[in-house]
Amino acid sequence: MTAPGPGWRDRAACAGRLDLFDEPDAEGPRQRQWREDAARRVCATCPVQPACLRFALATNQAGGIWGGLDGRQRRAERRRLGLAGLACPHPDSELYADAEGHRRCRACKRASDRQREQRRRQAS
């Protein structure tokens, strides 16, 4: 699966409505349900909804509504498509399995290693 090319976001029905699609830090269950339902209604009318969902699946977007699906639904879709272990936004790159079984390209592995090292230094 490859992410769609640039420019699809400019045609998205959600342009300028990111308040519906991002997950706020402090949000109750009722507010979350209302926001997600409103976001899904926007997605239902969007001309680039399939491209948005492909992007979210290819780049492993964890939070918010993308392509009409929330994070839990996207994880299930990634499993269904056999992408569950793909943790790399560069799906056309040669992939290598890391110690945790995630498939990543060399650039993503280096970035992950740097982040892990930074967290280790901050913890000590």
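Me: What makes helix 3 largely enclosed by the rest of the structure in this model?
Reply: Seven of its 10 residues are buried, so the helix is largely enclosed. The model is a predicted one. The buried residues are A51, C52, L53, F55, A56, L57 and A58. Their cover includes helix 4.

Me: Why does F55 count as buried?
Reply: Buried means under 20% relative accessible area. F55 has 15% relative accessibility, so F55 counts as buried.

Me: And why does W66 count as buried?
Reply: The cut-off is again under 20%. W66 comes out at 18% relative accessibility, so W66 counts as buried too.

Me: How do you know that F55 and W66 form an aromatic pair?
Reply: Ring centres must lie within 6.5 Å. For F55 and W66 the value is 5.4 Å centre to centre, so they pair. A search of the whole structure finds one aromatic pair.

Me: Why is that pair called tilted?
Reply: Planes under 30 degrees apart count as stacked, and over 60 as edge-to-face. The planes of F55 and W66 are 35° apart.

Me: What does the pair tie together?
Reply: F55 lies in helix 3, residues 49–58. W66 lies in the loop between helix 3 and helix 4 (71–81). The two residues are in parts 11 residues apart in sequence, so the pair ties those parts together.

Me: Which residues have the most contacts inside the largest nonpolar core?
Reply: They are W8, L20, F21, V48 and W66, in a core of 17 residues. Helix 1 (18–21), helix 2 (29–44) and helix 3 each give two or more residues to this core.

Me: What does F21 touch beyond four places away in sequence?
Reply: F21 touches C14, R35, A39, V42, C43, G64 and I65. Contact means heavy atoms within 4.5 Å.

Me: How many helices and strands does the protein chain have?
Reply: Five helices and two strands. Along the sequence the pattern is α-α-α-α-β-β-α. Just after helix 3, N60 takes a positive phi of about 55°.

Technical notes. Residues are numbered from 1 along each chain as its sequence is written. This is a predicted model: local features need pLDDT of at least 70, side-chain atom pairs count only at pLDDT 80 or more; totals for chains, interfaces and linings use all residues. Side-chain values use heavy atoms; hydrogens and water are left out. Rings of Phe, Tyr and Trp (its six-membered ring) pair if their centres lie within 6.5 Å; planes under 30 degrees apart count as stacked, over 60 as edge-to-face and the rest as tilted. Helices (H or I, at least four residues) and strands (E, at least two) are DSSP runs, numbered from the N terminus. Buried means under 20% relative accessible area, exposed over 50%, partly exposed in between (1.4 Å probe, protein chains only). A nonpolar core is a set of buried Ala, Val, Leu, Ile, Met, Phe, Trp, Tyr and Cys residues joined through side-chain atoms within 4.5 Å.
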